[in-house]
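Here are my notes on this entry. Keep the picture open as you read the points.

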Amino acid sequence: MDLVATLLNTFVVVGVGAVLTYLTNDRFKTLRREMAELRTELKADIARVESRLDAGVAAVRSDIVQVALAVGAGRGAAQG
């Protein structure tokens, strides 16, 4: 009688474990898919911010060069 109860308990535990594994596996797949989508969106956002930052730095660099040329040209004309 104890053997039958033990086998029954074993099958119940294995069955419940299999059902929980099946249900949890689907949720993990969905979670992985959502995280991959978020990662893709985040990479696109970072690329967009980097391009805006590069454009801003290039504009500032251009302005600094123009100011430096204007200051240098003014001094060169006054000295010559």
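1. Start with Val 12. In this predicted model, Val 12 has a relative accessibility of 45%. Buried would need under 20%, and exposed over 50%. Val 12 therefore counts as partly exposed.

2. Now look at what surrounds Val 12. This residue sits in helix α1, which covers residues 2-79. Together with Leu 8, Val 16 and Leu 20, Val 12 makes up a nonpolar patch on the surface.

3. Next, the overall fold. The chain has one helix and zero strands. Its radius of gyration is 34 Å, while the globule rule gives 12 Å for 80 residues, so the chain is more spread out than a compact globule. Along the principal axes, the C-alpha atoms fill a box of roughly 115 × 20 × 5 Å.

4. What share of the 80 residues counts as buried? The figure is 0%. The chain exposes about 7300 Å². Carbon and sulfur atoms supply 67% of that area.

5. On to charges. The chain carries 10 positive and 9 negative charges. Their mean positions lie 5 Å apart.

6. How many salt bridges does the structure hold? There is one. It joins the side chains of Asp 45 and Arg 48, at 2.6 Å from N to O. Both residues belong to helix α1. They are three residues apart, about one turn of the helix. Asp 45 has a relative accessible area of 33%, so this residue is partly exposed.

Methods: Residues numbered from 1 in each chain as written. Predicted model: local features only at pLDDT ≥ 70, side-chain atom pairs only at ≥ 80, totals over all residues. Heavy atoms only, no water. Patch = residues over 30% accessible without salt bridge, like charges linked within 9 Å, V, L, I, M, F, W, Y side chains within 5 Å. Areas by Shrake-Rupley, 256 points an atom, 1.4 Å probe, with all protein chains shown as cover. Salt bridge = Lys/Arg side-chain N within 4 Å of Asp/Glu carboxyl O. Helix = DSSP H or I, 4+ residues; strand = E, 2+ residues; numbered from the N terminus. Buried < 20%, exposed > 50% of the residue type's maximum accessible area, 1.4 Å probe, protein only. Rg over C-alpha atoms; globule rule 2.2 N^0.38 Å. Lys, Arg positive; Asp, Glu negative; His and termini not counted. Charge placed at Lys NZ, Arg CZ, Asp CG, Glu CD.
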